[in-house]
Amino acid sequence: MPDIVWLIPLGALVGMLGCVLVRLIGGGEMAKAPAVLGLGVSAVAALWVAFARPGSAPLEIYEGYRWIDVGAFFVNVDIRVDALALFLLVVVTGISFLVACYSVGYMHKDRGYGRYFAVFSGFVFSMTMLVLADNLLVLFAFWEGVGVCSYLLIGFWYERPSAAAAATKAFLVNRIADFGLLIGILLLGHVVGQVNANGSFLERFDYETIFSLSNEIAAEHSMLLGIIGSLLLLGAIGKSAQFPLHVWLPDAMEGPTPVSALIHAATMVTAGVYLLARMSPLLVLTPGVLMTASVLGGITALLGALIALFQHDLKRVLAYSTVSQLGYMFLGIGCAASVDLVGVAVMAAMFHLFTHAFFKALLFLSAGNVMHAMGDVIDMHRFGGLRKVMPVTNIAFLVGAIALSGIPPLAGFWSKDAILSVVERASEAGPARGLYAVLLFVGFFTALLTAIYTFRAYFRTFWGETRLPEEAGHHAHEADTTMLLPIAVLAIGSILVGFLGPAGWVDSFLSRTPHLPEAHEHGESSIVMLLSAILGLSGAVFAYFTRPKLGAVPVDSGFKRAGANRFYIDEIYGAFVVLPLQAISSLLAWLDRTVVNGLFEFIATIPRALGAAIRQTQSGIVQSYALLMAVGIVVLLITIVRQ
Amino acid sequence: MDPLLPAIILTPIAGAVAILVLFRNDPKRGPLAACAVAALTLVLSISLADKVSKAPIPTGENGPVEPRVSFATDWLSIDLPVITAGKKVHWPLWLGVDGPGLAMVLLTSVVTLSTLLISSRLIDHRATDYAAMILLTSAGMLGVFLSMDLLLFYIFFELTLIPLLVLITVWGEKGTAWPAARKFLLYTLAGSIPMVVGFAGIVFAVTDSAGIDATVSIPAIAKAVAHQHVEFNHAAGAVSDKLLSAESTQCWFFGLVFLGFGIKMALLPFHSWLPTTYSSSHPTTTAILAAVVLKLGIFGFLRVALPLLPLAVEDYAIPLIGSLGAVAVVFGALVALAQRDLRLLLAYSSLSHVGFITLGLFSLTVEGASGATLQMVNHGLTTAALFLLAAVLIDRRRSSDLDSAPLGLASIYPRLAVLFVFFTLAGTGVPGLNNFVGEVLAISGMLSRSPFLAVVAATGIVLGAWYALRLVQRLLFGKPNLGVLAGYRGADLGVRELSSLLPIAAVCLAIGVAPNWAMKMIEPDVKALVSQFEPTPTAKSENVASLADRSKVTEDHQ
């Protein structure tokens, strides 16, 4: 039955097809019209379904069509609407629409205008379907779909070798994770089939099937469940750029900046968090996996913040900041390892995802304004004091920086506080108290670092003497209105959406999600709150006093060098993964050419020699084979039949 | 009784003869006439698909192989001058088509047409002869896919060899084509001799043991064997003196047939003819070789080995062939990574992808084998498209070596670049495009048989993306390398190239988004075929129950 819900993905899909059509008939920059229109329809539909539609049930499933139905492998493409999905959809479609509006100005006069908007809309279509899928296999399909769009957009300026390399790298690192995810999903389907021996559930990969059988799975296949959980986690850490698979995200900044804002900060990279949240009713049965998520999240948060401290490229600072903030979300959601915290943990992570989408998109788009004005220069060594040149962008960036640093009362403070509170509660009771105590400390320390690197970047870019690179020419100016308007909306969002948390709206909205336990006793510890506020503020103050002065000789240290070189993680992968594989590959190629091939060449000479011996004349190959064939047939037939 | 079946085989043969007679010295109209013949064959194949979809679905009562549409006449039915068990062996000369056969017929027709369209622009030496040879090859392959008896199957299987050898030697690379053709011939003969012995053995053995009329008809033998198989299972391993129900005899024949089909499909380690042949033939020839000729071997396993030698297949499926498939996936991908030549890279990539088909087929599950059958079509389509694109590229550049990369071709040939990226993504198994469906079903099928092999093969998902995307990066991305590109001639894809490749792209997308219509065509026949390998439903649930008990017991112990 066609329902208005379908407009959410189909708006974007039709927008994409429209762009392709415009591109084919040579409509040039008209491609923006179908894209913006389609995304607008998606956003309005999402908002309407989430907030305005009367009388919706907690879980609604809309039938689509049968995708695969072979043997026991039965998958439908249906849409599943519940609070968790809607919560994310509002973010995805809303921010996509704003960023698309921004792109209209940003991509102006680019050769690939039509291609840009087509893939952009395709991304939104895939992302909405990823969220709306009602089974894991369709989720996987669109999970890869967003990956492909991300690949095409990172490599958008394909003539740049660095962009082409970054695109390949992003796809490959994600593929490693997707490999795990796919095996995990198929294994889960297999286990469901085992448990569901009487065949009462047809669709093995459906969330509802899995959740209603999760207790049986845990009882009968506890070890397999652990493996499945780990594989799902592997998928999640790839897409969400968690340690040790975080290496692709900073390179992904080679794409156009609006793409970095939307895909590589606000939406796609949060898919891993969504996956864990979605699968939390199953994952609570394997607390080890969730603890691993927390630990990896903690490591990533700290590592990202440390590297961000030492970067000079404004977009890279923001990229590592994204890595670090995603780490917070993983840290939070992993607290679901203690059963009574499941609801709170999921909500805290989703809340941080929500606010982060606003202020990180804001920061990236502001950085985009800077880049646009500076003639595509993004190295903070080469410009400074831009607040006089770009007053509006200055304020927008400042709002984003305050929100990111967790300074009250902006959005980031509330959501980060929610996560830290959950970690604090996990460190008070539960199976892994000591572990979470350490992670809590990491969380606080990272909060301090976050404020430092954010404000350091802010001061370097916007304060001090005005310096402009030559590439900026004489037209360094504030961005135009089409670009500033979406920024303004995001800035207002970054200021306001944080209050939705303490007002209890997020909890009450998300707790309508089926299978998600309600978050009772909303006890936020005032000490956590106070401490994170102090850390945020003092980080900002510290950054102000230590901001690099012009002409000052930078202090060099081994740690700083390591940080600037991303702690050599890329190099380690190069030396210990890529090189050995390439060596094996060359070795196998050599073996194949010489040994395998040579062996068969050798065998091939035997019959010829035999033939020559028998005939004692110069005989062609074919004749000797024909002879051999005849002899062979007779001998073999006799041996077999008369056996 | 449907004359459509012989018509599909005879049209390309008649067409080839006609254009050789009429347009021998007309390099313009000859290839175009060949395209028209191929288009007609495609139309006939599509109408056959329509008939098959309307035909009643086989129930499995008539054995594991049952054509849905068939053609057999009395006057073509011959008694062979071979006598076994006192009876002359009967040759019914039976053409028939079932789901998998139809899938392959459609694939062959599509790929033939596409290849002819592209080659009509690229071949300038004896163009009409080339087109005629392609048509003859295609006729031979269509014959294999439509044969319902062992003798006809064998004849067509070998007949394809002749036009193929001509294609390889006459239009191949100067210098390397002859040795490559010799190697191809030697390999194929080394396979087909044991294969024909195996076929003969099967016929004699069944006639001896099953008490049926001596025949080469595949459905009849399959039915008799399936019947024995059931008896064998009921006898719970009691040694039967009946020849074909004895595992050891089946294993003998399987070994012989295995050589024939394994070499034809370039199963590891019998693959070393493949890189040489692929890189020495004209790239449009390679498109046919990779897309369809390779599938003859796999189809042989499906059509002959699975129904006629079930006990041996069951024994060897996982430890031998499934393992070889999984290894091929990884091995092919890794070797592809080291290649410096576009055609060799695509050749090893093909080797790797065929591993998935092997894996799925020999999982002997409905989902795995159906997925593998679909994957034969999928792989055929994407590989053909990639080799055809490579043919255009090599023609523009007169070289297929990748060392001077990056080339930055995307800036000069945008249409070619878009299609290349599209088919590369399809090849790497991106969901929404065709290969994903087949690969995921193959992996899923194997996962229920041997999780280890499934996981090993699944690493191919990562490795496959690695070499494929690196190739895209080297060929298409980067600044246009004007120094290298100075030697380029010709324009981006034109109408003829696009009309060849865009339909393939559309089919890839259609299969990826909505594979179920194709699956429903394939599934019933595959189900009938593999049902003998799956434990009966009651036994299955008992199994699961006992498994559950066991895990409860272990829990109690803990």
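Two strands are taken to pair if DSSP finds at least two bridges between them, strands being DSSP runs of E with at least two residues and helices runs of H or I with at least four, numbered from the N terminus. The model is predicted, so that local features need pLDDT of at least 70 and side-chain atom pairs count only at pLDDT 80 or more, while totals for chains, interfaces and linings use all residues. Residues are numbered from 1 along each chain as its sequence is written, chains are lettered from A and ligands numbered from 1 in the order in which they are written, and side-chain values use heavy atoms, without hydrogens and water.

In chain A, strands β1 (residues 60-70) and β2(A) pair in the antiparallel sense over eight bridges, with Glu60(A) of the pair bridged to Val81(A) in β2(A). The two strands form a hairpin with two residues between them, and Gly71(A) in this turn has a positive phi of about 55°. Strand β2 (residues 73-81) of chain A has nine of its nine residues buried, where buried means under 20% relative accessible area, exposed over 50% and partly exposed in between (1.4 Å probe, protein chains only). In a regular strand the side chains alternate between the two faces of the sheet. Both faces of β2(A) are covered, with Phe73(A) and Val75(A) among the buried residues on one side and Phe74(A) and Asn76(A) among those on the other.

In chain B, helix α15 (residues 414-427) is mostly covered, ten of its 14 residues being buried, including Leu416(B), Phe420(B) and Phe423(B). Gly429(B), which follows α15(B), has a positive phi near 80°.
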